[in-house]
Amino acid sequence: MTKFLLSSILILLCLSSFNHNAVQKSTKKPNILFVIADDQSWLHTSLAGDKVVKTPAFDRIAKSGIRFTNSFTASPSCTPSRSAVLSGQAIWRVKEAGLLYGSLPPDLKVYPQLLNDAGYHVGFTGKGWAPGKPNYQGFKGNPTGKEYNSKTSDNVPKGIFNNDYTANFTQFLSNKPNDAPFCFWFGCFEPHRVYDEGIGLRNGKRLEDVYVPSFLPDTKEVRTDLLDYYYEIEWFDKHLARIIKKLEEMKELDNTLIVVTADNGMAFPRAKTTLYDWGIHMPLAVMWANKIKGGRVIDDFISHTDFAPTFLEAAGLKIPKEMTGKSLLPILLSQKEGTVDPNRNQVFAAIERHTICRPNNGTYPSRAIRTKDFLYIRNFEPTRFPTGGPDFVSSNNTYHGDVDAGITKEFMVTEINQKKYPKEYQLSFGKRPNEELYKIANDKDQINNLAENKSYFKIKKELKDALTKYLMETGDPRIKGEDPWQKYAYLK
């Protein structure tokens, strides 16, 4: 063999090896890390402009990746919100899974199981799909994968879960086959109530720095409660930082698609369980270091039903036709910021039942459409109290059961404070009309209902028609005059 021929063969072998490695690298499945806080509204991150709460881990994901300014949960209640994330579907399509303390239909397709079937190592720590009984109707397995909750921490503050999320994540990784990509759900229990009263103040936060939404009384009690809520957001963020560090140590960070958000808004009156921004507008940061251009802020409207199809497409899997959400990959892979897809100009949200807080298992059915400029809400049962009302003892043993117990609620429902703050009390605990319309630019807190203002009748009709069209297209029983939710069990 001549030296020339030998040299040619070696060059060809090297090129073959290089091409093979390049193909392997380009076709390597991404890891998927979904991170979800429990009860955190969109404004409460450092990058969103809050001057009290500090979220360096969230900020790092956003700065290295993308921060979305218009991300909305499909429902402002724990279980249905999580059902929408997992299934990629609107909550009226997933039957009992669209309710707090519900169950999962046996044939429901959820992205972790689809990824598991495709060879992913799948698991979760903290709060997965909950609360409810997922297997009550025959659904097989855990919808968020194998549970990793055995590792705990000592000496955690009152009201904080003692889950050592990073240790559980580490255990999950130690069980991963060497060549398998992973799909992990980090469901932090914080900042869900209860809070350790005064913990924010004791940790150096100042009452005067708090922004109090205009539907709440601006008092020391409410400001203290908000500071305690901020403290728990920071607890969540510290655990997120540790999990990011673990990924760095494992040299898996660059190939991990990370999504950080929350399930619904803060656990205060007129926030959680409502279709106002304080209930449905969520923080969202997405990072995929070796795949997407970072340092971008995107204003396209995002629904949490979009996450499941995004994860499946990123993994190279087919998106089930049942999913109403749309993959975010075209946005993530673009180089653009601001508005990327002009068609992403609206989202839809809904609620049926949170707690049992009305006679005969009555729900509070509402649907909403949110655009850049307006929020339109249709309340199907305006004669009912959205909170459950002052006279019915709910399944969580309180009045106004759809508002979580805490300093703010206790302060507002006392007779003397109802009289002292009548507007705030009515906004937070009173009945609501059949239709609500709010102009976002002039009314960030959405307290000035324009639905009966003749100047906005044309806009109201356009939004109502768009909402009705979408509900009809996606098969919402409610828009057809049907109410299957009334008979669904409350599986506490």
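Start by selecting Thr79: this residue is buried, with a relative accessible area of 0%. Keep in mind that you're looking at a predicted model. Thr79 sits in helix α3, which covers residues 78-87.

So who are its neighbours? Leave aside the residues within four places in sequence, and show what Thr79 is in contact with: Ala97, Leu99, Leu100 and Tyr101, plus Trp129, Ala130 and Pro131.

Next stop: select residues 165-174, which make up helix α5. Which residues of α5 are buried? Colour Tyr165, Thr166, Asn168, Phe169, Phe172 and Leu173, and you have them. Now turn the view until you look down the axis of α5: the buried residues fall within an arc of 160°, so they line one face of the helix.

What covers those buried residues of α5? Bring up strand β3 (121-126), strand β5 (182-187) and helix α7 (220-249), which are among the elements that cover them.

For the last stop, jump to Ile331, found in helix α10 (residues 329-332). Is Ile331 buried or exposed? Ile331 is buried, with a relative accessible area of 3%.

Ile331 and Asp341 are ten residues apart along the chain, and 7.4 Å separates their C-alpha atoms. To finish, show what Ile331 touches, not counting residues up to four places away in sequence: Phe68, Arg296, Ile298, Asp300, Ile302, Val340 and Arg344.

Terms used
Residues are numbered from 1 along each chain as its sequence is written. This is a predicted model: local features need pLDDT of at least 70, side-chain atom pairs count only at pLDDT 80 or more; totals for chains, interfaces and linings use all residues. Side-chain values use heavy atoms; hydrogens and water are left out. Buried means under 20% relative accessible area, exposed over 50%, partly exposed in between (1.4 Å probe, protein chains only). Helices (H or I, at least four residues) and strands (E, at least two) are DSSP runs, numbered from the N terminus. The arc is that of the directions from the helix axis to the C-beta atoms. Contact means heavy atoms within 4.5 Å.
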